[in-house]
Amino acid sequence: MMGSAKSKSGGLKKVIVIGNGMVGYKFCEKLRKKASSDKIQLTVYGEEPRPAYDRVNLSSFFSGKTTDDLLMAPRSWYTENNIELKTSELVVRIDREKKSIFTYTGKKEYYDELVLATGSSAFVPPIKGVEKDGVFVYRTIEDLEAIKQYGKKANTGAVLGGGLLGLEAAKALIDMEVKASVIEFAPRLMPRQIDNDGSLILQSMLEKLDLTLLTGMQTREIVGDGKITGLDFTDDSTLDVDMLIISAGIRPRDELARTCDLKVGERGGIMVNDYMKTNDPNIYAIGETALHRSMIYGLVAPGYKMAEITAAQIAEEESSSFKGYDMSTKLKLIGVDVASFGDPFGAEDDVPITFKDPLQGIYKRINVTADGKYLTGGILVGDADDYSMLHQMFLNRMTCPEHPEDLILGARGDGTAGGPGIENLPAEAQICSCENISKGSIEQIICDKDLTEIGQIKSETKACTGCGGCTPLVTDLLNHTLKSMGKTVKNTLCEHFEYTRQELYDIIKVKTIKSYYYLLAEYGHGDGCETCKPAVASIMASIYAEIAPSQDTIQDTNDRFMANIQRGGTYSVVPRVPGGEITPEKLIVIGEVANKYNLYTKITGGQRIDMFGARVDQLPDIWKALVEAGFESGHAYGKALRTVKSCVGTSWCRYGVQDAVSFAIEIENRYKGMRSPHKIKSAVSGCTRECAEAQGKDFGLIATEKGWNLYVGGNGGANPQHAKLLATDLDNRTCIKLIDRFLMFYIKTAEPLMRTAKWLNNLEGGLEYLREVVINDSLGICEELEKDMQALVNGYECEWKAVVNNPELQERFKPFVNTEESDPSIEFIGMREQKMPIPWEK
């Protein structure tokens with residue numbers, strides 16, 4: 001379909017855009033690519049005082065991003081592209097007959113084509129008391145600045161609405177160190193995106209961050225004398241809060257359309273056809289203000305597609321039509337991955353396949369057709385790494401593997417992949433939905449322009465610059481294309497370091513860098529992130545045998561407090577018990593400690609005793625009692641060696657052929673405290689009956705008549721994989737030497753949070769290459785690997801003991817800085833003569 005004719009006056013076509021949000025900006029960008037200023041005169045009106053900014057990442061304003069950081073483009077971009085930008089200028093009326101617009105200051109301007117990109121406003125429910133001080137909406141930078149200012153004097157806050165934006169607002173409160181609650185009218189969080197099981201997992205993960213979640217609640221009144229002091233609910237319960245953020249949905253900004261009799265929907269929104277035209281052929285509507293086939297789209301990607309279609313119309317180019325949009329999405333909500341695609345709840349004939357791990361906070365669901373051939377949708381909570389490929393399988397109707405469950409459970413025993421890789425996607429597969437860019441077009445531009453970095457692809461195609469959800473897939477495509485061209489692939493750690501983890505390891509070691517912030521200043525840029533901080537902490541610990549308290553501000557929560565945070569905000573304590581062997585005296589001490597602090601006790605799957613329910617302020621005292629009895633930290637919280645499980649071997653078993661317990665204890669004591677890219681588990685079985693399950697571990701040993709068979713690269717969990725046989729019939733000394741080499745090679749070369757199984761799968765040459773490196777010394781580095789491992793062994797220090805002996809470190813474990821009181825919000829109930837946190841409300 002072609003666009004409209006030139007201006008009746010015979011001069012330049014005059015186009016006015018009302019609204020300068022993300023979609024309005026994207027329209028300007030696309031129109032200028034299609035038509036220069038000598039063909040189309042372009043003016044943009046925005047009622048806010050600044051150019052368009054990134055609303056998708058608005059919450060980063062509370063974690064250090066500035067207004068300038070969030071800008072889609074500076075004012076200079078508009079000037080350079082001959083676009084007249086008028087900010088702080090509210091348009092109040094449209095005269096369709098005379099094709100003119102009027103601003104609140106009385107200015108009048110004529111147009112040939114008018115684009116309404118007025119977006120939406122926050123929906124504020126009609127609740128009594130909503131006008132009080134301390135009540136905010138969460139929509140603009142001005143809103144955020146007001147929230148930030150008010151939050152300085154607030155101790156408690158609430159968010160009305162448990163959807164996407166509501167949880168983002170809750171994250172803002174947490175970043176301001178305001179104790180936050182989320183109030184959701186529906187019986188679960190994010191009811192439009194995830195099912196009940198997924199919502200419960202999400203809720204459990206958010207509650208660990210000290211976020212109070214109240215579902216199935218309706219607010220009756222906002223109380224307080226002039227300013228908010230609390231909320232009254234319809235069930236007669238109350239909540240004391242100092243401030244409230246309302247995030248109960250959006251309403252299309254269609255008031256201008258109503259003033260000039262453009263058609264609007266019953267529930268709002270400017271009605272448009274498939275080419276984004278209103279009932280006036282010279283007026284278009286795009287983004288959240290547009291009502292297309294009774295649908296308002298609240299995501300940025302559909303708005304960008306609308307902008308593309310409208311720009312083509314006005315530039316008189318051939319244009320596709322808008323026929324709806326896939327609402328699949330992937331987000332990170334307060335640090336928790338959440339994604340849904342297709343029909344997340346499935347049709348009546350679909351077969352749901354689910355995986356749920358409440359301990360790790362992971363929920364995965366895929367819906368497949370009754371014959372098991374195709375995906376129709378799915379939900380991912382806690383682990384959304386597979387989202388991009390699952391989404392592509394759904395979009396391109398790709399056939400599922402023989403066992404569809406492999407798509408969420410990972411490789412089976414033979415090590416084959418669960419689903420297709422990027423190379424199996426068709427060339428027409430849409431990789432970036434925001435910019436409507438296909439796999440084939442990205443491959444073509446990589447080859448034609450010799451691109452080697454993700455930043456170059458962003459500049460050339462605009463892929464990854466919208467919602468950012470396609471970045472993992474574009475990265476995989478870049479790596480695959482470069483490999484097919486015979487080029488070396490380089491995976492940088494994150495946006496703050498232009499180095500791989502291995503390169504950073506070498507820089508830190510060679511330059512003897514012991515401070516994250518010095519490393520960032522000299523070799524990185526920006527403020528760092530939750531990817532590079534713990535990764536660098538792990539690298540430094542791997543080089544200098546550095547304990548977690550040395551740089552606690554860059555550690556994950558579990559590492560920072562050297563205990564696993566659990567549901568309800570308490571922690572679990574796991575002392576090391578090498579080989580599972582423990583004396584009666586030490587068992588008595590564990591019992592005494594658990595009894596004194598009223599801790600829930602449980603034997604773990606790794607032959608240790610876990611004590612649950614400790615308050616953060618109790619941890620140093622608990623550790624003191626355990627350390628005095630000869631216990632050490634079990635590193636159950638760290639990316640480190642967890643356990644070396646063992647059977648009893650020749651000590652007691654009539655089938656045993658080697659002393660499994662003694663060797664397991666020797667191995668555990670050697671590698672305890674060793675930091676690595678991910679957690680490491682091991683096992684030693686005294687015979688081929690394999691009672692210790694050594695073939696399911698990162699490295700495992702199985703006894704033979706001649707010594708030990710060494711297996712590497714296995715793991716259980718969400719993606720189980722059998723370990724692979726590296727060497728056979730090893731004596732104790734040779735076995736430890738090969739383990740030293742294997743572990744240190746893994747530490748130096750794996751990406752952050754990559755288990756040994758995935759690392760080995762991704763290693764060029766696989767197991768045979770690993771044998772060449774660690775057995776045959778093909779790279780000539782084995783002596784260095786052994787030396788580095790021995791340095792870690794020699795530098796071991798118990799982290800618990802370090803805190804016990806340092807009063808200054810103990811101060812970090814107080815829940816409040818100005819009082820010795822414990823956290824009053826922690827509550828338990830009885831269960832089988834022990835205790836557990838109060839259950840989640842269903």
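Thr219 stands opposite Phe233 in strand S14, and this pair sits within a run of 4 bridges that joins strand S13 to S14 (residues 230-233), the two running antiparallel. Strands here are DSSP runs (E, at least two residues) and helices likewise (H or I, at least four), numbered from the N terminus; two strands count as paired if DSSP finds at least two bridges between them.

A word on the model: it is predicted, local features need pLDDT of at least 70, side-chain atom pairs count only at pLDDT 80 or more, and totals for chains, interfaces and linings use all residues. Residues are numbered from 1 along each chain as its sequence is written, and side-chain values use heavy atoms, with hydrogens and water left out.

Buried means under 20% relative accessible area, exposed over 50%, and partly exposed in between (1.4 Å probe, protein chains only). In a regular strand the side chains alternate between the two faces of the sheet. Both faces of S35 are covered, with Trp708, Leu710 and Val712 buried on one side and Asn709 and Tyr711 buried on the other. S35 pairs with S34 (residues 699-703) in the antiparallel sense over 5 bridges, and Ala703 stands opposite Trp708. These two strands make a hairpin with 4 residues between them, and Gly707 in the turn has a positive phi of about 155 degrees. S35 also pairs with S36 (residues 724-730), again antiparallel, over 4 bridges; here Trp708 stands opposite Leu730.

What about salt bridges, and how many turn up in the whole structure? The search finds 41, taking a side-chain nitrogen of Lys or Arg within 4 Å of a carboxyl oxygen of Asp or Glu. One of them joins Lys86 and Glu109 (3.3 Å, N to O). Lys86 lies in strand S3 (residues 83-86) and Glu109 in strand S6 (residues 108-110), so the pair ties together parts that are 23 residues apart in sequence. Glu109 is buried at 11% relative accessibility. Another salt bridge pairs Asp698 with Arg755 (2.9 Å, N to O). This one links distant parts of the chain, 57 residues apart: Asp698 is in the loop between S33 (680-685) and S34, and Arg755 in the loop between helices H21 (732-749) and H22 (756-762). Asp698 is buried at 0% relative accessibility, and Arg755 is buried too, at 16%. Salt bridges with shared partners also join Lys14, Glu84, Lys86 and Glu109 into one network.

Disulfides come to 0, with the cut-off at a pair of cysteine sulfur atoms within 2.5 Å. The sulfur of Cys691 is 5.9 Å from the closest cysteine sulfur, in Cys647, which is too far for a bond. Cys691 is exposed at 55% relative accessibility. Cys260, by contrast, is buried at 8%, and its sulfur is 20 Å from the closest cysteine sulfur, in Cys28, also too far for a bond.
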